[in-house]
Amino acid sequence: MSTFEPKIMAFLCNWCSYVAADAAGVSRFTQQANVRVVRVFCSGMVDPSYVVKALASGADGVLVAGCFPGDCHYIAGNIKALRRAPLLGRLLAELGVEKERFRLEWIAASDSGPYARIMNELVDTIRKLGPYKKPRPGVVPLVRSGHAEAGEAVSGGAAGKN
Ligand code: FES
């Protein structure tokens with residue numbers, strides 16, 4: 001029997017999903033103890049390089065959660081996150097990373113139940129996938145500091161800015 005316990009890095013928006021996570025704890029919803037939360041001010045500030053770095057630093061899966069479209073406290077940060085997601089998916093595919101290891105969700109402050117369900121689902125999915133394996137030799141993303149778009153992070157990639 002496998003003893004693998006995945007590590008999940010969750011970037012949670014301060015105004016919604018972080019509140020839902022807090023409420024899920026207060027409400028004593030059953031949650032697996034595999035999640036490391038990073039509180040961010042908006043899902044739009046989660047640069048794709050953060051996801052790549054999280055995986056490279058030991059996470060087996062990454063969740064980015066923000067306010068529902070139309071509810072972002074910075075107007076369109078979550079729309080930026082939504083637009084980056086397909087680019088990030090392509091980057092991860094280039095690196096040989098299974099698409100199930102990254103998830104973008106909208107979780108309102110009142111959604112403590114859905115938050116617990118989503119996190120438990122993600123942990124179960126990653127547990128079935130197994131540990132994250134570093135990219136095959138020769139595939140090295142150019143991850144730089146700052147706010148690079150996913151397409152810029154692929155060495156020689158065809159994807160452009162959105
Ligand atoms: S403030 Fe929550 S996603 Fe932008």
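**Exercise 1.** Determine in which sense E3 and E4 pair and over how many bridges.

*Solution.* Start with the elements: helices (H or I, at least four residues) and strands (E, at least two) are DSSP runs, numbered from the N terminus. Two strands pair if DSSP finds at least two bridges between them. E3 and E4 are joined by 5 bridges, in the parallel sense. Within this pair, Val62 stands opposite Phe102 in E4.

The model is predicted: local features need pLDDT of at least 70, side-chain atom pairs count only at pLDDT 80 or more, and totals for chains, interfaces and linings use all residues. Residue numbers start from 1 along each chain as its sequence is written.

**Exercise 2.** Place the strands in the sheet and find its edges.

*Solution.* First, the order: 4 strands form an open sheet, E2-E1-E3-E4, with parallel pairing. Next, the edges are strand E2 (35–40) and E4, each of which pairs on one side only. From one strand to the next, the twist averages 20 degrees; angles run from 0 to 180 degrees between N-to-C directions, and axes are lines fitted to C-alpha atoms, for helices over the stretch in contact. Finally, H3 lies across E3 and E4 and runs at about 165 degrees to E4.

**Exercise 3.** Identify the residues that touch the most other members of the largest nonpolar core, and the elements that supply it.

*Solution.* A residue is buried if 20 or more other C-beta atoms lie within 10 Å of its own, exposed if 12 or fewer, and partly exposed in between, with C-beta atoms placed from the backbone. A nonpolar core is a set of buried Ala, Val, Leu, Ile, Met, Phe, Trp, Tyr and Cys residues joined through C-beta atoms within 7 Å. The largest one has 42 residues, of which Ile8, Leu12, Cys13, Leu55, Val62 and Val64 touch the most other members. Elements giving two or more residues to this core include strand E1 (8–13), strand E3 (61–66) and helix H3 (77–94). Beyond four places in sequence, Val64 touches Phe11, Ser43, Val46, Ala81 and Leu104 (contact: C-beta atoms, placed from the backbone, within 7 Å).

Terms used
Two residues are in contact if their C-beta atoms, placed from the backbone, lie within 7 Å.
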